[in-house]
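Student: I'd like to learn how to read a few features off a model like this one. Could you take me through it, general idea first and then the case at hand?

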Amino acid sequence: MNGTISRAVAVAAAATLALAGCGSGDDPTDAAGDEQISAADVRAALQAGGELTVWAWEPTLAEVVTGFQAAYPNVTVELVNAGTGDDQYTALQNAIAAGDGLPDVAQIEYYALPQFALAGSVTDLTGYGAGDLADTFTPGPWSSVNTGGGVHGLPMDSGPMALFYNQEVFDEHGIDVPATWAEYVDAARDLHRADPQVYITNDVGDAGFTTSLIWQSGGQPFQVDGTEVSIDFTDDGSARFADTWQQLISEDLLAPVSSWSDQWYQGLADGTIASLATGAWMPANLISGVADGAGKWRVAPLPQWDAGGTASAENGGSSLAVPSAAANRALAYGFIEYANAGDGVQIRVDGGAFPATTAQLQSPEFLGAEFAYFGGQRANEIFAESAGDVVDGWSYLPFQVYANSVFNDTVGQAYVSDTPLTDALTAWRDTCVSYGTDQGFTVS
Amino acid sequence: MRRPGPTRVRRPGRSLTLTALTGIVLVYSLVPLIWLLVNATKSQQGLFSSFGLWFAGDFALWDNVVETLRYDDGIFLRWLGNTLLYVLAGAGGATLLATLGGYGLAKFDFVGRRAVFAIVIGAVAVPGTALAVPTFLMFSRLGLTNTPWAVIIPSLITPFGLYLMWVFAAEAIPDELLEAARCDGASEMRTLFQICLPLLAPGIVTVLLFSMVATWNNYFLPLIMLKDPDWYPLTLGLDAWNAQAATAGGQPVFHLVITGSLLTILPLLAAFLLLQRYWQSGLAAGGVKE
C-alpha cells in the first residue's frame with residue numbers, strides 16, 4: 001500500500017518536473033544542437049580519458065565496463081543502478097529538472113525514448129557518427145532510436161517476440177502448440193478445462209504486452225508527426241487484438257497474476273502458467289528465476305493473426321542515450337558505441353543478452369547455440385527469424401511513460417470488471433488525449 | 001481487633017471477548033515474522049515449491065546468510081553501515097534537538113511560545129511524503145542530493161518528538177526543582193545536564209526509539225535523494241535486489257531479499273529489548289498524584 005502511494009507521488013512528481021523541464025530546458029538543448037562532434041573528437045576524448053557515470057540496470061553491462069576500461073585505461077566508468085524502468089526515468093527527469101546529478105549515459109527503453117527526445121533531454125547523436133550505423137542494427141530497434149528527427153540513442157538490445165511454452169504441461173493435457181491466436185484461445189480453453197489450476201498464460205493488463213500484440217496485428221494506434229499526435233484504437237489491428245483477448249478475459253482463462261511478481265515465478269516453475277508470449281530476452285530470466293523449469297520449456301514462433309503469416313513485434317528492449325546536459329558527451333558517445341556497436345556487443349551476448357546488431361544475430365555461432373534449458377533447442381534461430389519479421393511502421397507516443405502508468409487505471413478495468421476491452425481502450429485513449437493536450441501537443 | 005488486611009485491589013474481570021481480540025491482534029502481528037523466519041531457511045527453488053508457512057525440505061538458512069553477506073561484493077554490509085550511520089546521526093541528532101527544544105519550550109517563558117506551539121502542532125499534521133519533493137528540490141539547489149547529508153539533515157527534525165519532549169518535560173520536571181537549583185547557584189547548563197536529564201530519560205528513550213524506527217525504515221526520502229547504491233540504506237538496497245527479478249535479463253534473488261530482511265530487523269529488535277526497561281519505567285510518569 002505504501003509502495004503504491006510512493007509510486008503515485010513519484011509519478012506525479014516526475015510529471016510536474018517534466019513540465020518544468022520543457023519550460024526551462026531549452027538552453028542546454030540548443031547548445032547541444034549547435035555543437036558538432038566528429039568521430040575524431042570521440043577518439044581523442046577516449047584517449048584523453050576522464051570519468052563517466054552510467055545509469056543502467058542491465059546486468060551484463062558490468063562486464064562491458066570492465067572490457068571498456070581495459071581498452072581505454074584513462075577512462076573510469078562508474079556504473080550505477082539508479083532504479084529499474086519507471087524509477088530510473090523519474091530519477092532522470094528529476095536530475096534534468098534540477099540540472100544537477102545527471103549521468104553521462106542513461107539506459108532508456110525504446111517506449112520511453114521519444115519522451116526524452118522530444119523534450120530535448122537527450123543528445124541527437126547523428127553528428128557523432130551514429131548516422132552511419134544504420135546497417136549495424138536490425139530494423140526494429142534502429143527505427144526505435146530514430147525518433148524526434150534524429151538518432152537519440154544506440155540500440156542496446158531487442159525483444160523480437162516468440163512463444164515460450166511448458167511442453168511437459170502441454171503434453172500432459174494433449175495440447176498442440178498453437179500457430180495462430182485463434183488456436184491459442186482454443187488451447188487456453190482445453191488446458192483450463194483439463195486442469196482448472198492451469199492457465200495458458202497470465203495477464204492482469206500490461207501496457208507493453210498489449211501494444212506489442214497490436215503492433216504484431218498491424219495496428220498503428222499511435223501516429224506522431226512532430227507535436228501532432230493521434231491516438232485511435234478503432235483500427236483493424238487494435239480491434240482484432242481486443243476481440244481475441246476479450247474471449248480470454250470473459251471466460252476467465254488468464255491467470256490473475258502480475259508479471260514479474262513472485263507468484264508469477266512460482267506459476268512458471270510449478271506449471272500453472274503454461275506459456276508466455278514475450279521478448280527474446282526471456283531465456284536469461286527463465287534460467288536464473290525458474291530453475292525448476294529446465295528441460296521442460298520450449299520456444300515456438302509467435303502465434304499469428306493470419307494462418308500461415310510470419311508477422312512479429314518487439315517487446316521491451318532498451319537503448320543507451322546521452323543526456324543533453326551531460327558533462328562529457330564525446331566520451332559518453334565513445335562508451336555507448338563500444339557497448340552497443342563495438343566489442344561490448346559480443347561481451348553482452350556471451351553474458352546471455354539478446355543483441356540488436358545484425359552481425360551477431362546472423363553469426364553461425366549465435367544461431368547454432370543449443371539451450372540446455374530448452375532441451376537442446378536452437379532457440380536463437382527462432383528469435384533471429386522473429387527479429388527480421390517485425391512489422392514496420394510502429395511508433396510509440398511521445399508521452400508513453402505517462403500513458404503506460406495510467407494503463408491499469410483504465411484498461412485494467414476490463415480485466416477486473418465487466419467493462420469491455422474496447423471501451424477500456426477508449427478510456428485509455430481519452431486519458432492520454434487530455435494529458436497530451438495539457439502538455440501542449442495537438443492530440444486527436 | 002482485626003488487623004487491617006492488605007488493601008484489596010479490584011481487578012477487572014476476565015473478558016473472553018477481549019482475550020480473543022488481543023489474540024487475533026497477536027497472531028496478526030506475529031504471522032509475518034514467522035513467515036519471514038520460515039522462508040529465510042529456504043533456497044530460491046524451495047521458496048516456489050513449498051507451502052509458505054512451513055519449512056521446505058532443505059535448510060538453507062546459513063547458506064542464505066553467507067550469500068546475502070557476499071552477494072554483489074558484500075554490498076549488504078555497506079548498506080548496513082549506511083543505515084547505522086543514518087540512524088546514529090539522524091535519530092541521535094533528532095533526539096538531542098527534540099530534548100533541547102522540548103525542555104526549553106516547557107520550562108522557559110518567552111515571546112512567541114504560542115506561535116511555536118501552533119507551528120509544531122501544524123508540522124505534526126504534514127506527512128513526510130508530501131514534503132519529500134520540495135525537500136528534494138531544495139537539497140538539489142544546495143548541491144546536497146546524492147550525499148548522506150540529504151538523508152541525515154531532514155531526519156534531524158521531528159515535530160512529533162519535539163512535542164512529546166515538551167509535554168514530557170512540563171510534567172516530569174517540577175518548576176520548584178529548577179528554582180531550587182537556581183537558588184543554589186547552578187548554571188542553566190548544569191541544571192539541564194545534571195538535574196533534568198535523568199528525569200527526562202524515559203521521554204528521551206521514547207523519542208529515540210520512535211526516531212530510530214522511523215530512520216531505520218525510511219524508504220521514500222532516500223529513494224528520491226540517493227542515486228549512488230554505495231550510499232543506499234538497507235531499505236533501498238533490498239528493494240533494488242527485489243527489482244532485479246522484474247528486469248529483462250535480471251537475476252531474481254528472492255531468497256536473499258528475504259534473508260536480508262530478516263537480518264535487517266534484528267538490530268531493531270535488539271534496540272527494543274535493550275531500551276524497553278528505560279521506556280517502561282517512564283510510562284507511569286504523571287499518572288499518579290504523589
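Tutor: Happy to. Keep in mind that this is a predicted model. Let's begin with a helix packed on a sheet: look for which strands the helix crosses, and at what angle. Here helix 14 (residues 329-340) of chain A lies across strand 1, strand 2, strand 3 (105-109), strand 4 and strand 12 (318-321) of chain A. Its direction makes an angle of about 55° with strand 1 of chain A.

Student: What is the order of the five strands in the open sheet of chain A?

Tutor: The order is 2-1-3-12-4, and the pairing is mixed. Strand 2 (75-80) and strand 4 (154-155) of chain A each have a single partner strand, so they stand at the edges with one side lacking a neighbour in the sheet.

Student: How many bridges join strand 1 to strand 2 of chain A?

Tutor: Six, and strand 1 (residues 50-55) and strand 2 of chain A run parallel. To find your place in that pairing, look for A:Thr53, which stands opposite A:Glu78 in strand 2 of chain A.

Student: Now the aromatics. How many aromatic pairs are there over all chains?

Tutor: A search of the whole structure gives 48. For any pair, read the distance between ring centres and then the angle between planes; planes under 30 degrees apart count as stacked. The rings of A:Trp215 and A:Trp394 are stacked, because their planes are at 5° and their centres 5.3 Å apart. A:Trp215 sits in helix 10 (residues 207-216) of chain A and A:Trp394 in the loop between helix 18 (379-388) and helix 19 (400-405) of chain A, so the pair ties together parts 179 residues apart in sequence.

Student: Are A:Trp215 and A:Trp394 buried or exposed?

Tutor: Both are buried. They also belong to one aromatic cluster, whose members include A:Trp57, A:Tyr89, A:Phe233 and A:Trp428.

Student: Why do A:Phe241 and A:Trp245 count as stacked?

Tutor: Their planes are at 20° and their centres 5.7 Å apart, so this pair is stacked. A:Phe241 and A:Trp245 are four residues apart in helix 11 (residues 236-250) of chain A, which means about one helical turn separates them. A:Phe241 is buried at 1% relative accessibility, and A:Trp245 is buried at 0%.

Student: And a charge over a ring: which residue's charged end sits over the ring of B:Trp231?

Tutor: That's B:Arg78, 4.9 Å from the ring centre.

Student: What about confidence: what pLDDT does chain B average?

Tutor: Chain B averages 86, with 91% of the residues scoring at least 70. For the complex, the predictor gives an ipTM of 0.75 and a pTM of 0.81.

Definitions and conventions
Residues numbered from 1 in each chain as written. Chains lettered and ligands numbered in written order. Predicted model: local features only at pLDDT ≥ 70, side-chain atom pairs only at ≥ 80, totals over all residues. Heavy atoms only, no water. Pairing = 2+ DSSP bridges. Helix = DSSP H or I, 4+ residues; strand = E, 2+ residues; numbered from the N terminus. Contact = heavy atoms within 4.5 Å. Axes fitted to C-alpha atoms, helices over the stretch in contact; angles between N-to-C directions. Phe/Tyr/Trp six-rings, centres within 6.5 Å; stacked < 30°, edge-to-face > 60°. Buried < 20%, exposed > 50% of the residue type's maximum accessible area, 1.4 Å probe, protein only. Lys NZ or Arg CZ within 6 Å of the ring centre and 35° of its normal. pLDDT = per-residue confidence, 0-100.
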